[in-house]
Amino acid sequence: LKTLKYLPLGKEYDDENVSSDFLTKHIDEAFKYYKSSWNNYLTDEEYFEYVLPYRIDDEILEDWQTLFRNEYGWVLDSLLLVNQNPTAYDLFFALNKELEKTKENFVKVFPFTQGVSPSVLYHATCGDCINYCNLGCFVMRSFGLPVVTDGNPNSHTWNVLITSDSLVQFNTRGTFVNGSFHVQDWTKYNCWKNVPKIWRKTFAENPNSLAKIKGHESVPEFFEDAHYIDVTNQYYKGIDVEIQMKNKSRKDFAYLAVHNCGFMYYDWSKIENDKVKFFNISDSIVYFPSYYYADRYVPFSYP
């Protein structure tokens with residue numbers, strides 16, 4: 001058997017390739033359900049971030065709003081016949097019941113994790129957690145529901161519906177049980193007590209992200225992306241830890257790593273006066289304070 005070799009793909013930027021007609025149509029369609037009973041609690045900024053964006057990931061662009069409204073528009077119509085003012089949870093639950101009918105076939109290694117068009121995701125019979133999260137965002141946002149992707153760096157992701165008073169965690173196409181918490185179920189499955197940090201994928205760039213302030217310093221791949229925000233405090237109240245640097249370096253940034261089939265970098269912070277402080281981290285986990293070098297793991301203090 002020949003080994004498959006994947007060549008690195010060049011970047012194409014939307015401002016050079018996406019037409020104004022495509023964007024105008026998408027924006028017009030995105031406001032069809034603006035200030036509906038199921039999303040009128042959102043601020044304009046939240047609506048612009050969690051409903052309006054024309055893309056979710058780096059997928060091949062399509063008119064996914066029309067696609068999923070044609071497929072699932074009858075769900076909303078049926079709901080409105082019995083409830084003229086459905087909540088976000090009401091509409092989510094009705095849509096998710098239809099998605100559950102096509103059961104998930106989760107695979108950990110999928111040859112096309114990203115770059116997959118919405119129509120291919122809809123017809124695919126297997127995928128990884130990123131595939132299913134993207135599908136969930138496409139379907140739910142088509143009807144004005146603020147659904148996002150939360151998760152851990154290089155580990156696991158899940159969908160979240162942002163309601164007026166809570167986060168509804170779910171796995172698209174997976175069985176949803178009212179009152180269940182996906183993160184708790186996932187940590188129990190892995191025999192963990194807690195998760196280290198939780199990050200949310202965003203459309204807008206986070207100006208305070210490591211990617212925007214790192215300068216020329218090399219950083220872990222996950223933190224090269226400015227489209228993430230730390231939402232750990234929306235899940236639990238953790239602890240703050242200040243660490244004195246025992247092994248000093250010329251690096252400007254330090255990390256908390258967790259060993260899980262290799263060192264995984266879950267959090268970062270700026271070094272100041274030979275000290276570094278990490279905020280809102282979970283307990284019952286062994287963390288390794290470290291610098292980042294692309295070719296090796298370098299600790300700066302005890303675990």
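Me: Which helix holds Phe 48?
Reply: Phe 48 lies in helix α3 (residues 44–50). Helices are DSSP runs of H or I with at least four residues, strands are runs of E with at least two, and both are numbered from the N terminus. This is a predicted model: local features need pLDDT of at least 70, side-chain atom pairs count only at pLDDT 80 or more, and totals for chains, interfaces and linings use all residues. Residues are numbered from 1 along each chain as its sequence is written, and side-chain values use heavy atoms, without hydrogens and water.

Me: Is Phe 48 buried, exposed or partly exposed?
Reply: Buried means under 20% relative accessible area, exposed means over 50%, and partly exposed is in between (1.4 Å probe, protein chains only). Phe 48 has a relative accessible area of 38%, so Phe 48 is partly exposed.

Me: How many aromatic pairs does the structure hold?
Reply: Rings of Phe, Tyr and Trp (its six-membered ring) pair if their centres lie within 6.5 Å; planes under 30 degrees apart are stacked, over 60 edge-to-face, the rest tilted. The structure holds 28 aromatic pairs. Take Tyr 265 and Tyr 292: the ring centres are 5.4 Å apart and the planes are at 85°, so the pair is edge-to-face. The pair links distant parts of the chain, 27 residues apart: Tyr 265 in strand β8 (residues 263–270) and Tyr 292 in strand β10 (residues 288–293). Tyr 265 and Tyr 292 are buried.

Me: Which charged ends sit over the ring of Tyr 293?
Reply: The test is NZ of Lys or CZ of Arg within 6 Å of the ring centre and within 35 degrees of the ring normal. Lys 251 has its charged end over the Tyr 293 ring, 4.4 Å from the centre. The charged end of Arg 296 also sits over that ring, 4.5 Å from its centre.
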